[in-house]
Amino acid sequence: MGRSRGGSIDIFLTWLVHPVTVAATALLILNDHVLKAAYPGWLTGKLSDAAGLVMAPPLLAVVLALLLAGCGRLPVSRRTGRVARPGAGPGVAPADLLAAVSIFIVGVGFTAVKATPEGAATASAVWSVVNGPSVILADGTDLLALPALGLAWWTWRSAAARPTLARWLRMVSVLVVLPIAGLGVAATSAPQYDDAVALYEWQGVAVVGIGNAYHDSREPYTWWIGADDGPTFSELPEGGYDLFSKQPPPVASGEDCSARDPRHCFRIVPRRLAVQESRDGGASWRVAWQVDEDARQRLATVIPGLRDADEYLSSRALLVRDPPDGGVVVLVANGRDGFAHRDTAGRWERIGFGAVAGDSFRHEQPATPIPGVAEATVTVGLRVAVPLSVAVGSLVVLAGCATLLARRYGWFVIPLAAVGGALGLLALALYVPYALRGATSDDGVGSVLVVALIVGMTAVPAGFAVLFGNVTDPLPALTGRICVAGILAGAMVPLPLLLRLLTGWPPQRAAVVVVPIVAVVVMVVGIPWAIRYAVRRLPRRGSSSAGTHPWTPPDPPWPQTNDEPRNA
């Protein structure tokens, strides 16, 4: 990139790393992921809007500057360059113009989204493609945050008056601040994980209590009325939320009987998605409905952010209702799976969170389909076995190749390899609990960082070791064999999942647990083997045979003399 283009982008990077912009980015992330959960309300909502309006324009300006520089259409290196306009004074700096355009775009977009239902609907649709299912609501009071754009312009003028960024600060802005700012925009709200946690009987109707499992709380934050005992629900009437928050009715337990026929009872099975039924007042019980254990474990692989299947994917409470036209209706709260419903004919159905209908809206959230054996196995393989395979194979290659280099060039290589290996083992230790949970589909940024650590701290050092080894004679053949051993070691990790994929055995939970165990066993055996192989195959530097080639007979194979041949 030329000097002019680099300078033009520098000025926008300076805006991005301005202390006010960095503070706004930190506030946005902290507020959306911590403060909103701890102190929900008007203030925390407006803080996000104001912080976003300060940090979004410089982020947009950097992106636009990179695009324009790539097209060769950003010719200025500093803000002093002017674009002349006929009949207009000294002109306008292109950098100032791009900064103003960025602020204008952010302001217009924010106003359109917050002031009009059409803008909110469009933003929801676009953001759902970028960031998963999302709902953005129009709220005219959010426009009170628009003056924050004035602060964004002030930070631009302050940044534009500064000298060009130092090389290290430019690297920090590109490699650290820019990704964090993008993350702050892309993940501006803590996820909502609906959790069916409670059932009530209130004023002759069934009421369901919904919590948010993201915050590890099993307390409901909202309530819906099931006028027909499900699967369609409605909001509480005016004043109902105050009644529930101040004096909630008694919560349903894990066992209930029909008021019309007290001998007809139902009860949940703890730590399972199952309900038992008794028609003799509890003297004997039989399974009335269940999601079998293997299916429940498969379901756990596709429910996002599921930390503990036994806790969050199990039946918690049930409510038995007696409709006026006869029969028995049962509602069961099943945590993250939503609700199960039994109609008067005795038919059971997983209804998820049903349909919530109001005067002008209807929102349906059906039950999550239970994946088949192949889908669940492949899902766990990609999320668990592949990172573990890379980690195990890379650690084996790293240990073997580092030993070869140490034997050839000296033991100073060992501390360097030990640092990478130790960090790789630490990342692996952090990753194993995640793997044992079955690698649910949305466990946040933490799991992504752990996988990155595994790859970065094992594959990268191993790659360097292989690179140095293969350009140094006589190591290529030895490093090649160690690489093959690493590939074979990594390939052994997903064998339990491959067996399940081909035969359906072992069960889902057993296969998930066995994969990390195989990874640890292979690593414990493979790393010492690689080290032992390297030690035995390559003598130490300085030994009599180190660095020498095998003996070959002289050519020609007889001593030459100066004697003339004799005539007979």
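1. Helices here are DSSP runs of H or I with at least four residues, strands are DSSP runs of E with at least two, and both are numbered from the N terminus. The model is a predicted one, in which local features need pLDDT of at least 70 and side-chain atom pairs count only at pLDDT 80 or more, while totals for chains, interfaces and linings use all residues. Residues are numbered from 1 along each chain as its sequence is written, and side-chain values use heavy atoms, with hydrogens and water left out.

2. L502 belongs to a nonpolar surface patch of about 790 Å², made together with V378, L382, V386, V390, M492, L495, L498 and L501. Helix 11 (373-409) and helix 15 (495-503) are the elements that give two or more residues to this patch. Patches are made of residues with over 30% relative accessible area and no salt bridge, with like charges joined within 9 Å and nonpolar side chains (Val, Leu, Ile, Met, Phe, Trp, Tyr) within 5 Å; a salt bridge is a side-chain nitrogen of Lys or Arg within 4 Å of a carboxyl oxygen of Asp or Glu. The accessible areas come from the Shrake-Rupley method with a 1.4 Å probe, and for residues only the protein chains shown count as cover.

3. Strand 5 (residues 222-226) is largely enclosed by the rest of the structure, because five of its five residues are buried. Both of its faces are covered, with T222, W224 and G226 buried on one side and W223 and I225 buried on the other.

4. Strands pair if DSSP finds at least two bridges between them, and strand 5 has such partners in strand 4 (residues 205-212), through five bridges in an antiparallel arrangement, and in strand 6 (residues 232-235), through two bridges, again antiparallel. W224 is the bridge partner of V208, and S234 in strand 6 is that of I225. Strand 5 and strand 6 form a hairpin with five residues between them, and D229 in the turn has a positive phi of about 65 degrees.

5. Rings of Phe, Tyr and Trp (its six-membered ring) pair if their centres lie within 6.5 Å, with planes under 30 degrees apart counted as stacked, over 60 as edge-to-face and the rest as tilted. By this rule there are eight aromatic pairs. In one of them, F266 and W348 have ring centres 6.3 Å apart and planes at 65 degrees, so the pair is edge-to-face. F266 lies in strand 8 (residues 265-268) and W348 in strand 14 (residues 348-352), so the pair ties together parts that are 82 residues apart in sequence. F266 is buried at 0% relative accessibility, and W348 is buried at 18%.

6. Ring pairs also link W224, F233, F339 and F353 into a cluster. F339 is buried, with a relative accessible area of 0%, and F353 is buried at 4%.

7. A disulfide is a pair of cysteine sulfur atoms within 2.5 Å, and the count comes to one. The sulfur atoms of C257 and C265 are 2.0 Å apart and form this disulfide, whose link is right-handed with 100 degrees about the S-S bond. C257 is partly exposed at 27%, whereas C265 is buried at 2%. The sulfur of C401 is 5.0 Å from its closest cysteine sulfur, in C483, which is too far for a bond.

Key
Buried < 20%, exposed > 50% of the residue type's maximum accessible area, 1.4 Å probe, protein only.
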